[in-house]
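Me: I have a new structure open and want a quick tour. Can you walk me through it?

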Amino acid sequence: MQLDPAISNPAVEEKRLDDGKWPNLTFILGHAASLDLASQTLSLSTGQSISFDRLCVATGARPVKLLGVTPELAGQILTLRDTDSVEKLAANLERARSVALIGNGGIALELVHALHTLDITWIVKHAHIADAFFDIDAADFLLDILRARRCAAASHARKARGEAAAGRLVIEAHSSVRSVRPGALPGSSTIPPATRTGLELELSSGKRVAADVAVAALGVVPNTEWVSGALERGPTGGILVNDRLESVSALGRVWAAGDACDLSVLEARPPDGSQWFQMRLWTQARSQGILAAHAMAGVDEETGASMAFELFTHVTSFAGHKVVLLGRYNAQGLDDEPAEDIRSYCRTSPPDDQGRGGTFVRLLLRKDRVEGAVLIGDTELEEAVEHLILDRLVVGHLMPGLLDPDAELDHVFD
Ligand SMILES: Cc1cc2nc3c(=O)[nH]c(=O)nc-3n(C[C@H](O)[C@H](O)[C@H](O)COP(=O)(O)OP(=O)(O)OC[C@H]3O[C@@H](n4cnc5c(N)ncnc54)[C@H](O)[C@@H]3O)c2cc1C
């Protein structure tokens with residue numbers, strides 16, 4: 001799979017399904033409630049039954065909700081799931097000064113970046129931030145950017161309006177939330193006490209955190225309960241499928257794609273064949289949708305599956321920096337490999353005091369071949385590293401010189 005920006009970093013736009021002009025498409029507004037494989041029928045919550053020859057399940061996933069919240073506070077804990085909830089968040093934050101942020105993935109990281117004028121207590125259950133995406137060195141690189149940006153914003157505000165102080169960023173590592181209760185509004189709050197109560201979060205460490213608003217960004221769980229009993233589900237709760245996205249319980253009849261499927265069968269393959277793993281992302285949902293459609297129509301090319309599952313690629317941006325993740329960039333699926341076979345090399349150029357610029361490059365090698373990479377900032381290395389991974393070139397003897405900014409990577413391919 002070549003790194004084509006149009007494929008790897010798609011623009012997502014919401015459209016009504018019935019806007020399309022496809023004469024063979026019947027659009028039904030409804031909620032799938034159960035599946036009967038024997039009669040090949042799908043029942044909707046309205047009671048309507050739909051029979052099928054072939055079925056594709058693409059019901060996605062929903063965000064995990066925070067537990068331990070007293071019912072009267074449920075409305076004050078925001079869970080991000082779509083554009084509506086982002087708008088709700090923006091409205092809630094208008095008058096907030098302090099935010100408790102729970103979660104450690106890309107959404108949490110982006111929120112810390114975007115809310116740089118607010119006090120944030122960031123509650124993460126791992127040892128360091130952004131554990132889902134980065135090792136500790138890359139996480140530290142981003143944390144420096146986040147902190148520099150906060151200071152720069154505060155100094156800008158001071159110059160403009162004579163205001164002081166950057167929003168505080170406190171990280172509570174190795175912590176999860178045990179309970180959320182009504183609490184006093186934090187001293188810094190600008191919300192009138194009469195209009196709203198504050199929150200008090202009790203952490204697993206025993207600490208108590210006061211906040212105006214809490215935001216939960218805790219990952220997702222597949223929307224597949226309604227097929228239970230009919231189709232086997234995998235360890236993540238998705239419908240267990242093979243590399244043609246057929247449900248292992250209903251080959252040739254039911255397919256599943258996107259967040260609703262579980263591809264752990266592929267992840268169990270030995271690492272030599274592929275540097276791909278499942279992560280619930282738009283790009284993966286899109287390519288799986290195409291693959292499932294081809295397989296269902298019987299027009300799948302032989303190379304389709306091997307291409308789709310050859311190399312993990314994700315292009316995104318965190319804290320205003322371009323981020324490219326390639327292959328098993330964080331040693332995913334390599335836990336059982338002998339430690340002496342795994343080596344990682346890193347090159348950093350720090351950001352300026354405003355948190356701008358700077359690059360971070362990490363290559364992960366297994367048996368002297370590049371297995372994955374994290375590229376942050378304008379490194380312009382993505383294509384070369386993609387080829388290094390796909391071509392399975394032995395480059396261990398060229399390290400760490402290969403990471404030298406002046407090294408000519410192209411010569412490696414000659
Ligand atoms: C807040 C947030 C931010 C994200 N940001 C990024 C990002 O920056 N980059 C990225 O690559 N990915 C991102 N993702 C992940 C990305 O949105 C998903 O991977 C992708 O949308 C999955 O596509 P899908 O078609 O499988 O499922 P979805 O897009 O979730 O679509 C599933 C649809 O099925 C419907 N449905 C559910 N159950 C039923 C049922 N029983 N009957 C009928 N219909 C049902 C749902 O209402 C929904 O319309 C983000 C996710 C979230 C929650």
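Reply: Here is a short walk through the model, one topic at a time.

Me: Before we start, what kind of model is it, and how do the residue numbers run?
Reply: This is a predicted model; local features need pLDDT of at least 70, side-chain atom pairs count only at pLDDT 80 or more, and totals for chains, interfaces and linings use all residues. Residues are numbered from 1 along each chain as its sequence is written.

Me: How many helices and strands are in the protein chain?
Reply: The chain has eight helices and 22 strands. These are DSSP runs numbered from the N terminus: H or I with at least four residues for helices, E with at least two for strands.

Me: What share of the residues is buried?
Reply: Of the 414 residues in the protein chain, 33% are buried. Buried means 20 or more other C-beta atoms within 10 Å of the residue's own; exposed means 12 or fewer, and partly exposed is in between, with C-beta atoms placed from the backbone.

Me: And how much of the contact count links residues 24 or more positions apart?
Reply: Such pairs make up 60% of the contacts with a separation of 6 or more. A contact here is two C-beta atoms, placed from the backbone, within 7 Å.

Me: OK, the inside. How many residues are in the largest nonpolar core?
Reply: That core has 67 residues. Ala100, Leu101, Leu142, Ala214 and Val215 have the most contacts inside it. Helix α4 (residues 136-161) gives the largest share, eight residues. A nonpolar core is a set of buried Ala, Val, Leu, Ile, Met, Phe, Trp, Tyr and Cys residues joined through C-beta atoms within 7 Å.

Me: What does alanine 214 touch?
Reply: Leaving aside neighbours within four places in sequence, alanine 214 contacts Gln76, Ile77, Ala100, Ile102, Val180, Leu199 and Leu201. Another core, of 24 residues, lies apart from the largest one. Val57, Ala61, Ala292 and Met296 are among its members.

Me: Sheets next. What is the strand order in the open sheet of five?
Reply: The order is β6-β13-β7-β8-β9, with parallel pairing. Strands pair if DSSP finds at least two bridges between them.

Me: Why do β6 and β9 have a side without a neighbour?
Reply: β6 (77-79) and β9 (169-172) stand at the edges with a single partner strand each, so one side of each has no neighbour in the sheet. Neighbouring strands here are turned by 20° against each other on average, direction ignored. The axes are lines fitted to C-alpha atoms, for helices over the stretch in contact, and angles run from 0 to 180 degrees between N-to-C directions.

Me: How many bridges link β6 and β13?
Reply: Three bridges join β6 to β13 (residues 213-216), in the parallel sense. Leucine 78 stands opposite valine 215 in β13.

Me: And the open sheet of three strands, parallel or antiparallel?
Reply: Antiparallel, in the order β1-β2-β3. Its edge strands, β1 (32-36) and β3 (49-51), each pair on one side only. The twist averages 25° from one strand to the next. Four bridges join β1 to β2 (residues 41-44), and alanine 32 stands opposite leucine 44 in β2.

Me: Switching to the ligand. How many residues surround it?
Reply: There are 21, and the closest are Gly60, Gly258, Leu281, Trp282 and Ala285. To count, a residue's C-beta atom, placed from the backbone, must lie within 6 Å. β5 (61-63) and α6 (282-297) are the elements giving two or more residues. The largest share, three residues, comes from α6.

Me: Where is the cis peptide bond at proline 400?
Reply: That bond runs from methionine 399 to proline 400, with omega near 0°. Proline 400 sits in the segment after α8 (382-390).

Me: Leucine 245, buried or exposed?
Reply: Leucine 245 is buried, because 27 C-beta neighbours lie inside 10 Å. Its phi is near 65°, a positive value in a residue other than glycine. Leucine 245 is in the loop between β15 (239-240) and β16 (254-256).

Me: And glutamate 380, buried or exposed?
Reply: Glutamate 380 is exposed, with 9 other C-beta atoms within 10 Å. Its phi is near 55°, also positive.
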